[in-house]
Amino acid sequence: MSDTWWRNAVIYQIYPRSFADTNGDGVGDIAGITRRIGHLASLGVDAVWLSPFYPSPWADGGYDVADFRDVDPLLGTLADFDELVAAAHGHGIKVIVDIVPNHTSEQHPWFREALAAPPGSPARERYIFRDGRGPDGSLPPSNWESRFGGPAWTRLPDGQWYLHLFAREQPDLNWTNPEVRAEFVDILRFWSRRGVDGFRIDVANSLFKDLNEPLRDVVVIPKGSGLEDIAANPDHPHWDRPEVHEVYREWRQVFEEFDPPRVAVAEAWLPNDRLVRYLRPDELHQAFNFEFLRCPWDATAYRRVIDASIAFTASVGTVATWVLSNHDVVRPVSVLGLPTGTDLNAWLLSDGAEPPADVELGRRRARAAALLELALPGSTYVYQGEELGLPEVADLPAEVLQDPQWERTGHTAKGRDGCRVPIPWERSGPSLGFGQAPGWLPQPPGWAELSVEAQTGDPGSTLELYRTALRVRREFRADESFAWDEKYDEGDVLAFTRGEHVLVLVNTGSDPVTLPDAEVLVSSAPLSDGTLPADTAVWLRR
Ligand code: NOJ
Ligand code: CA
């Protein structure tokens with residue numbers, strides 16, 4: 001593969017503790033990924049992105065990192081990691097690891113040192129400590145809120161406050177400190193030398209904050225994503241500060257030290273005009289397309305998002321990405337089976353009862369959406385379980401919830417555990433082949449039939465749909481050309497050509513439409529009488 005492999009890749013996201021468990025402790029591990037590497041090879045993915053596996057107290061699913069250069073003993077060892085990289089590379093699969101630069105775990109040696117050191121000491125300068133407001137300093141230094149609910153500041157017994165944009169256990173680093181900058185450059189080199197092919201940058205639009213005194217309050221958007229925050233606060237004090245781009249320019253040079261150059265994908269919930277700045281030729285390679293992830297099942301909305309995504313990425317010489325889900329959002333099989341605009345948080349709080357999701361419809365649409373995204377020019381990110389058509393597990397009982405959002409919001413947001421339930425591999429066993437014991441989250445009844453074993457060889461299964469699509473996609477993916485088809489693209493039907501010969505049609509409406517006479521490469525549902533049924537996508541060869 002060339003240095004530009006990432007321009008048309010399928011990258012599979014692994015959430016390690018939910019993928020495969022080899023030692024029967026109920027938690028997925030690195031060796032489990034190696035053991036199941038054949039699944040990824042037969043699926044036909046180009047790369048895997050591993051969510052954090054580093055030593056961590058797991059206060060935020062491993063995004064609270066205590067040591068950026070090791071493997072959590074719960075998940076294995078560095079030797080296991082090296083074996084995984086070798087196994088993946090043996091199958092021609094690249095490996096991308098998660099870099100979490102905005103914060104560390106409270107258990108990171110730096111933060112422990114900071115807590116033991118007095119206010120104003122160099123150890124505290126690696127983080128963001130401030131005195132409080134009010135006569136006795138008992139009010140937080142600003143009104144900034146944690147993304148997981150509650151204030152973004154926590155007070156220490158000595159009276160100072162520290163900043164954490166996420167959980168209390170995730171203190172934010174001070175990116176104006178040269179030591180912090182040097183540390184991350186070294187971490188990137190550490191994993192690059194170990195053979196990783198790229199990095200996923202966690203909250204890439206954070207890192208720097210406007211800390212000029214007095215700190216500016218923000219307009220708080222309850223339950224909004226970063227997109228809404230920025231809309232309400234265009235000069236936001238802690239999202240998307242301009243200084244962050246210097247860091248990515250420096251990192252790009254580090255990536256270029258290696259052969260082939262390492263690549264990076266930004267996680268940044270930003271509108272396109274801001275996101276594009278992270279993708280300039282001397283910064284990061286690509287960014288997750290969250291506008292696509294959030295797009296409702298509506299042809300007009302898709303047209304707009306697709307056009308905008310292609311145009312804004314092309315303006316900086318890169319390619320778009322296509323994302324339906326990840327470990328932070330409700331699974332698309334459920335979302336697409338709910339009325340457009342359903343409040344997903346309220347839906348989760350009702351254990352998925354209000355309103356009930358039409359899973360069959362949702363899966364039908366999710367399959368069509370998969371063919372849509374896999375046909376578009378650029379890279380596609382697939383979250384583990386998407387290829388099995390797994391729905392969200394909305395009715396996890398409160399006792400098993402681990403997402404910090406549940407506690408931090410005073411039980412008003414259930415959080416993200418419902419998309420992190422261990423993968424069903426086989427029809428039987430205490431966790432359906434995930435491991436020799438029940439997994440850390442319970443799998444719902446009925447998942448045996450969604451297992452890899454049950455779906456393999458069934459031509460109507462979602463797994464075989466993905467396998468076919470990924471195989472066929474190789475024929476046209478290198479040609480980045482894309483054009484709406486003048487004849488068929490209309491109303492509820494999306495139609496576009498890829499390369500010279502592939503015509504893609506997606507029917508988001510409720511009426512069947514007549515298909516042109518052409519060879520069917522793959523379709524998301526059976527076609528009948530030369531028509532494309534409702535909620536179905538097809539790739540044709542002309
Ligand atoms: C984004 C990650 O995807 C999410 O899981 C995590 O909670 C936050 N960043 C904080 O690291
Ligand atoms: Ca395990």
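Modeller: Donors are N, O and S atoms within 2.8 Å of the metal (3.2 Å for Na, K and Ca), and water is not among the atoms, so sites may look incomplete. This is a predicted model, in which local features need pLDDT of at least 70 and side-chain atom pairs count only at pLDDT 80 or more, while totals for chains, interfaces and linings use all residues. Residues are numbered from 1 along each chain as its sequence is written, chains are lettered from A and ligands numbered from 1 in the order in which they are written, and side-chain values use heavy atoms, leaving out hydrogens and water.

Colleague: Thanks! Which residues coordinate the calcium ion (ligand 2)?

Modeller: Along the chain, its donors follow the spacing D-x1-N-x1-D-x1-V-x1-D. Val 27 gives its O atom and Asn 23 its OD1, at distances within the range 2.3 to 2.4 Å.

Colleague: Is Asp 21 buried or exposed?

Modeller: Buried means under 20% relative accessible area, exposed over 50%, and partly exposed in between (1.4 Å probe, protein chains only). Asp 29, with 3%, is buried. Asp 21 has 4% relative accessibility, so it counts as buried.

Colleague: And how much of the accessible area of ligand 1 does the protein cover?

Modeller: Let's start with polar contacts to the ligand (pairs of N or O atoms within 3.5 Å). Oxygen atoms of ligand 1 lie 2.6 Å from a polar side-chain atom of Asp 60, 3.0 Å from one of His 103 and 2.9 Å from one of Arg 200. Of the 300 Å² that ligand 1 has on its own (Shrake-Rupley method, 1.4 Å probe), the protein covers 97%.

Technical notes:
A polar contact is a pair of N or O atoms within 3.5 Å; within protein, one must be able to donate a hydrogen and the other to accept it, and residues adjacent in sequence count only if both atoms are side-chain atoms.
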